[in-house]
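Please keep the sequence and the structure in view while reading.

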Amino acid sequence: MRQATVYIDSEALQYNLNRVKQLAPKAKIVSMVKANAYGHGVKNCLAALKNTDAFGVACLEEAIEIRELGYQQPITLIEGIFSSDEMKTVLEQNIEIVVHHQQQLDWLYAHQVAYQNKNLKVWVKLNSGMNRLGFKLSEIINVIQTLKTKGFTCVLVMHFANADTDNHDLNEQQKLQFLQVKEACSPILASCCNSAAIFQWPELHFDFVRPGIMLYGASPFAHKSAHELDLKPVMSFTAEIIALNHLQKGDAVGYGSSFVVEKDTHLAIVSIGYGDGYPRAYFKQNYVVINHQKVAVIGRVSMDMIAIDITGLNVEIGTKVELWGKHRLVDEVADANGTIGYELLCRLSNRPIRKVV
Ligand SMILES: Cc1ncc(COP(=O)(O)O)c(C=O)c1O
């Protein structure tokens, strides 16, 4: 059987959740499990996250999956509902919604009594400069005051565009706008921190923090590794060597014959490829890890296979290869491929077997 395997380390996930608790002891934790728990598989992660206060997801289907797995914590739909008919399920499943435009408010008002009877909070989104979702500073205070007058419990919510970048001008603007609205609408619950912001600004943790990437043990920062942040990688992505070849100087490897060996080379073929979610883009030299040793990926990544240079190494058919995990961080693989760890995790395909350990 093909042995491409994604191991999910439950203890690492619990450890990272506890890191959030250490960093933000007073805030409630909304664990972001959208995009199938950042590619880890929601069903593989929820038990380890059972002590979270709430979950955050991108759509109703993701929320329903959590309820069907038997978890009753509050769930927030971070983009709100996409059409009025979704309100019915929101109410049946006790799901909290973000509102970021007038139409969503109208859909909510049409179900005001039922929503309030369930004690669900309304998360009102401020657009303070990221310019994706939210009411502008000039509108939001009225929106919140109207909601409050109608008897809703509101959470002021915002997302930073550059929380991973020190001294970005927009950070100050976003913080000031958030604080201004918070003050004007006081008392109000508040939430503005994703992983990077949790590390950067303890003074902004407020009532709810919304960690995503840090739960999975990857770094939200380009220049600080998961190890430096004391996070433990949750996913180990592994495959096995399925063929060994001896190439002579001048021989080429793989599609396009783009990589030509400059000396006699022992190479191994590993059963992993872009069909599994292993990246094909090539930005810098990429590596895998075998027995704690870095081994270079050579030639193009195929759909189901890669070639690695095993000259001088003692390996055989069946030797296990770590593509990313504890020894080769997903962020390092991402960096070698001109992307971010988030993307590699989220775009894993269903083909690798998932195992919870
Ligand atoms: C609204 C919101 N909050 C929190 C997060 C979690 O962010 P991160 O994974 O950087 O912690 C996201 C992720 O995109 C988000 O969209």
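The model is predicted. The protein has 357 residues, of which 54% are buried. The domain assignment divides it into domain 1 (10-216) and domain 2 (235-356).

**Overall build**
- The secondary structure consists of 12 helices and 18 strands.
- Along the principal axes, the C-alpha atoms occupy a box of roughly 80 × 45 × 35 Å.
- Of the contacts between residues at least 6 apart in sequence, 64% link residues at least 24 apart.

**Domains and their interface**
- A distance of 37 Å separates the C-alpha centres of domain 1 and domain 2.
- Domain 1 contributes 7 residues to the contact, and domain 2 contributes 7 residues.
- About 790 Å² is buried between domain 1 and domain 2, with 65% of this area coming from carbon and sulfur atoms.
- On the side of domain 1 that touches domain 2, the residues comprise 3 nonpolar, 4 polar and no charged.
- Between domain 1 and domain 2 there are 0 salt bridges.
- Across this interface, 1 residue pair is in polar contact, with both residues at pLDDT 80 or more.

**Thr238 in strand S10**
- Thr238 lies in strand S10, which spans residues 235-247.
- Thr238 counts as buried because its relative accessible area is 7%, and the cut-off for buried is under 20%.
- Beyond its neighbours within four places in sequence, Thr238 contacts Gln3, Ala4, Thr5 and Tyr7, as well as Lys320, Val321, Glu322 and Leu323.

**Backbone details**
- Most residues other than glycine have a negative phi, and most peptide bonds are trans.
- The peptide bond between Ser186 and Pro187 is cis, with omega about -5°.
- Pro187 sits in the loop between helix H9 (169-184) and strand S8 (189-191).
- Asp230 is not a glycine, yet has a positive phi of about 60°.
- The loop between strand S9 (208-209) and S10 holds Asp230, and Asp230 is partly exposed at 33% relative accessibility.
- Ser257 also has a positive phi, near 45°.
- Ser257 belongs to the loop between strand S11 (252-253) and strand S12 (259-260).
- With a relative accessible area of 45%, Ser257 is partly exposed.

Definitions and conventions:
Residues numbered from 1 in each chain as written. Predicted model: local features only at pLDDT ≥ 70, side-chain atom pairs only at ≥ 80, totals over all residues. Heavy atoms only, no water. Domains from an automatic or database assignment. Contact = heavy atoms within 4.5 Å. Buried area = accessible area lost by both parts, 1.4 Å probe. Salt bridge = Lys/Arg side-chain N within 4 Å of Asp/Glu carboxyl O. Polar contact = N/O pair within 3.5 Å; in protein donor to acceptor, adjacent residues only side chain to side chain. Nonpolar A, V, L, I, M, F, W, Y, C, P; charged D, E, K, R; others polar. Helix = DSSP H or I, 4+ residues; strand = E, 2+ residues; numbered from the N terminus. Buried < 20%, exposed > 50% of the residue type's maximum accessible area, 1.4 Å probe, protein only.
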